[in-house]
Amino acid sequence: MTGPSDYIAGVSSDARKAPRRVVFVTRRTSAHVRSVDEEQVQTWPEALFRAALIVEMLVIALVLISLFFNAPLEGIANPTVTPNPAKAPWYFLGLQEMLHYFPPVVAGVMIPTLLVVALVVIPYFNINIRPDGVFLKHRRRNLTVFYVVAVSLSLFLWFFDVYVALVPTLVAAAFMLIAAYSGPQSPGRFRRYLVSRPVSWWIMTWFLLELVVLTMVGTFFRGPGWSWVLPWRS
Amino acid sequence: MRALNKLWNSWRGLFRDPIQPFGIASVLLLVALAIAPAKDHFSEWHYYQHGYLRLIKNRRDAAVLQRHFEPGIHQIWLPDLGVVDRCETCHLGLTETSLGDIKMEPYSRHPVIPHSMQQFGCVMCHRGQGVATTVAGAHESALSSDGPILPAQYSEASCGQCHHAPLEGTPTLNQGRFLLARYGCVRCHTIKLPDGTSMQPADTPPPLSHIADKTTREWIYAWLRDPKSYAATATMPNFLLSDNDARDISGFLIANSVPEPGDTATLKPPKAGGSVDPTAGASLYGESFCASCHAMQNAAGNVVGGDLGPELTAIGTKVKPEWLTAWLRDPRNYDAGTPMPHYRFTDQQLALLTGFLESKTNTDLLANVHLDPATPAQIAHGKKLVEEYGCASCHEIRGVAKPDNYGPELSQIGSKPVAQLVFVKGMPETLPAYLSTKIKHPRIFGPGLHMPQFSFTPEQVDALTTALLSLTDRSVTLPAKLQIPTPQQTDYEPAGKAGQLMADLNCMACHRINGHGGTMAPDLSWEGSSVQKQWLDAFLKNPNTLRPTLIRRMPKFNLTDEERAELTDYIMTAYQNPDIDRDAMPLSGYSPDQVEHGRELFYGKYACQSCHMVDPAKDKGYIGPPLTEVGSRLNAEWIYLWLKNPQKLRPGTIEPNHDMSDDDARALTAFLMAQKGAGSQKTGTRTASVSASGTKGAGE
Amino acid sequence: MQLQKQASRLDKLMASRLWKSIFRSGRGASTLHRSMAIQQNVFLHILPTKVRRRMLNFDATWYLGTLTLGTFLLLVITGILLMFYYHPSVPQAYADMKDLRYVVSSGLFLRNLHRWSAHAMVLLAFAHMFRVFYRGAYRPPREFNWVVGVILLLVTLLLSYTGYLLPWDQLAFWAITVGSNISSAVPVVGHKIHFLLLGGNLVNANALLRFYVLHTVILPLAAVLFIAVHFWRIRKDGGLYVQQSEPARETAEEARADENTQQVVVKQ
């Protein structure tokens, strides 16, 4: 192989400050540059102090909240007195909202299982890795798939009267339509931004919208018998 | 926008050079963390304990009070009852007898009560949250099983959790319970008591299966629209029916009515001999003491009389004369369950009384009521309404089944969580407020409610609320050693021929016998031990009242001699106290000395004349019964035992127990036995002629 | 940039034998010393010794992962303190809540802090997940760390859910009743799962005990384990993901191929 002098020659002069990684290129591999060089700093103390700072600020905020807002505590558990409505913790209220429309097997088992599976497999599908705008390549095919999925999903939700989930779906579909009928040369930064979004981005955004809307509705807009109430009118 | 941008930039700047911000954040964090213990130190109970120390510092009894005072949280812990009461942390003077003058809360002394605070704690009676150490948490929190503090006007409710029999110190609670039964609340709302029995109604709703015999559709209509328009003291509440609903219900009730199968021949009013004298009818009404049970509006506009039966002010507008006659002849024929006694009126008397009562009318009531004949659709609708409003909960109606639990069960209404109640805007959101508002305005809590509108006075509403609040689940969960057994009610019915007679006369509508029956008239359980046979016979023949000031009197039943003898014998035999030998002391023959000694004791040592009178000319005692004829009324042994311990013979009597010596009691008995009535007071001493030795012998 | 101003007394302490026996990295501001500070520490060695400077900017990550870890640590501390006052039995559990509220010094504060931190942690975990997704930081070679993250999200939700029952108030009871009833809907074995989860057919004292053990022992241990893997993986996967350095048209295959190709630094 090579002598020690070659090794030293590969180290940059300010290696103390920002040590570089070095590789020995053999003849059969091509030298493909993956990333430009960039400045690195020591984790201790640079990263750890910043982490400590942000955590401290969080704790201060939580301490102040805890000093002024008391955690809820109701009467002792009583199996004979059912509060109306009986609500799950807030992060499950989206699911509970779904339970209102679909049988428990669907809303309580299938939907959460699918969600977890979907989250787990995200990085293993190329479609999620490809960063192209969804309608830039194979435009015709993708547009057809979009229409079929969007219309059938909306009809499905409409058929089961799930307006709470239908509205975010329609909003997401509307933005996708904007993206479909814009191009990289469209006026407006927002439109150009939408155009460049890949399909995984759209699905996740739709999911986020649903999650936020369903959780908000379940938390604030549901009263006795899971009826629709306005939070400011008690 | 620019300011926001600037803020954002400076926030990002924190992460460019974190050291200084880190230092500042660390200091802030320490300060924030120090607030919590500081908040603890300035807590409310600390403040009140400091206040107490300041309060007692300059008092004369400071040394004692300071010795009693211990800083820190105090609590009463009663695992049996699930009680952890920390009230005494701030209420520091509760048991300090010397703090009687302090009116300032939370330091005042607790009034004297029959229970020890260490035995029951505070929340058992006052409700509220005993574990709390803040003012709001302890008094206003609806979280605890007991809810917020019970307002003082309902505090008697707490006694009722354990005490299911009337107590002397709880008039409001007693009245509330009486009203629950009297106004038939418990006919729609089941109230189960901890011993497994249910509260029984004490009203007498008439059966409606034969109502067409009794009254007209127009009257029913007017009554349904507003019972108070017919009789100010009506028991039936106002169902707030629309004109059409009242029309349809009255149509249904008349159409549904079948004639009473019994004694139809008497439905014709018998001819009165000659012209009917209205004053004769009125005096018969008076002599029969109808007013003991029935009220009537007098000339001054006041409703006077008892409330056991319906008000009769406008009875002539209501009932048909032939029905009234039949009713007066034998009420049980029309309504087997009525408390009305079976008077033995002659046809002449029946005519007089019917005439008198039919003259009592209110022409305004039906002046504007014009009803077309009811159509089948209206009748069907009427039946639907009758079922909907649960009329059959109270009234027997042919073809309509009595609904089970028409209204919600109230057995544990006093523990109902506030979270389960629906409130009207603007009212305080507490259970007592809900109950009293519900009683006052039953229909305001939402559409489709069926509870009728009663017209209770504010005091009655408070009493009812108190009685309902006493129905907590605590009374069920009490440990066995604290449960007070309720006297078992048995269906007592006197036996034999006399028993039938007593049922016919309905004695027990007013009198109580062996724990069963009414409370209006004296308890007859030991009547046989108490009175002399001759007196009883004479009394049944012509009942004169013992207490002229009372409105309620024993009616005159026109008994035959045989009936009277039967009844007298039965009472004298059956209603004896097993511990009393009524012949142990003679009825007469006490020595003059003893009588004179008794007189001295009566007027001197025991001052009986302040409540009783022996000489109407001289004595002014009106509280107890007059004793002018007591010697011919009561047995000597009874008087003697009564004097020794009145409460033993009649629990709850207000006659004080003087703890008399045997000699004193014997002398007083001799004196009282000498009071033989009508003009004998002065000669009483002289008529007693038997020697003193004989009396002594009888006494020993 | 001078990050540290050390007092001489601190210097002396850090030069002492005791200190050196504990912290082997020794004192000094050199890169070596600073690298050693990370490498030689059992807790910190799962972190890389150096990070890209621009990843420390707030905009890069919003520090959401760090904040989530911060709430977790806060929850561990407050949780341990709360355990001193809590009995997982009926009805003592509820009485303990009242005692915390009214008698224990700063007990109310402690419970508030635990409760609000728990909510914050769930919220931050979700936020972290979405932020990672939108930055594309789940892409190879970080696939597995994304999966670990999903597991941590589930553990977080379970921690919050099991803790929800412990106060034994109406809110707790019915939230858990509603939630656990869902498990009965699983085909075939639903009722078995429901029974296993609650230790009975209803939410009762057994369920409370089960949830307590899950909440205070099993789930925190699982969380610690996966958090460690999560951080260690950051280091092994080449530090925090840098968005701009991603070639515009990279595919998964290319990325995997790149793993074999070593990075090359061209000397400027």
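Between chain C and chain B of this predicted model, seven residue pairs are in polar contact, both members of each pair being at pLDDT 80 or more. To the side of chain C that touches chain B, the helices α4 (58–61) and α6 (92–102) of chain C each supply at least two residues, and α6(C) gives the most, with four residues. By class, this side of chain C divides into ten nonpolar, two polar and four charged residues. In terms of contacts, 16 residues of chain C meet 21 residues of chain B, and the area buried between the two chains is about 1600 Å², of which carbon and sulfur atoms give 57%. Two salt bridges are counted between chain C and chain B; in the pair Asp99(C) and Arg86(B), the side chains meet in a salt bridge with an N to O distance of 2.8 Å.

Chain C also forms an interface with chain A, in which 79 residues of chain A are in contact with 89 residues of chain C. The size of an interface is often given as the accessible area lost when the parts come together. For chain A and chain C, the buried area comes to about 8300 Å², with 68% of it on carbon and sulfur atoms. Across this interface one salt bridge is found, and the side chains of Glu39(A) and Arg53(C) meet in a salt bridge at 3.4 Å, N to O. Residue pairs in polar contact between chain A and chain C, with both residues at pLDDT 80 or more, number 25. The elements of chain A that give two or more residues to the side touching chain C are β1 (40–42), α2 (43–68), α3 (93–101), α4 (104–121), α5 (126–129) and α9 (199–220); of these, α2(A) gives the most, with 17 residues. The composition of that side of chain A is 51 nonpolar, 17 polar and eleven charged residues.

Strand pairing also links the two chains, as β1(A) and strand β1 (residues 50–52) of chain C pair in the antiparallel sense over three bridges. Within this pairing, Gln40(A) has Arg52(C) in β1(C) as its bridge partner. Chain C itself is divided by the domain assignment into domain 1 (7–39) and domain 2 (72–237), and the C-alpha centres of these two domains of chain C lie 38 Å apart.

For chain B, the domain assignment gives six entries, namely domain 1 (2–37), domain 2 (44–149), domain 3 (171–202 + 407–482), domain 4 (211–379), domain 5 (496–574) and domain 6 (592–699). Zero salt bridges are counted between domain 5 and domain 6 of chain B, whereas six residue pairs, both members at pLDDT 80 or more, are in polar contact.

Methods. Residues are numbered from 1 along each chain as its sequence is written. Chains are lettered from A and ligands numbered from 1 in the order in which they are written. This is a predicted model: local features need pLDDT of at least 70, side-chain atom pairs count only at pLDDT 80 or more; totals for chains, interfaces and linings use all residues. Side-chain values use heavy atoms; hydrogens and water are left out. Contact means heavy atoms within 4.5 Å. Buried area is the accessible area (1.4 Å probe) that two parts lose on being put together, summed over both. A salt bridge is a side-chain nitrogen of Lys or Arg within 4 Å of a carboxyl oxygen of Asp or Glu. A polar contact is a pair of N or O atoms within 3.5 Å; within protein, one must be able to donate a hydrogen and the other to accept it, and residues adjacent in sequence count only if both atoms are side-chain atoms. Ala, Val, Leu, Ile, Met, Phe, Trp, Tyr, Cys and Pro count as nonpolar, Asp, Glu, Lys and Arg as charged, and the others, Gly among them, as polar. Two strands pair if DSSP finds at least two bridges between them. Domain bounds come from an automatic or database domain assignment.
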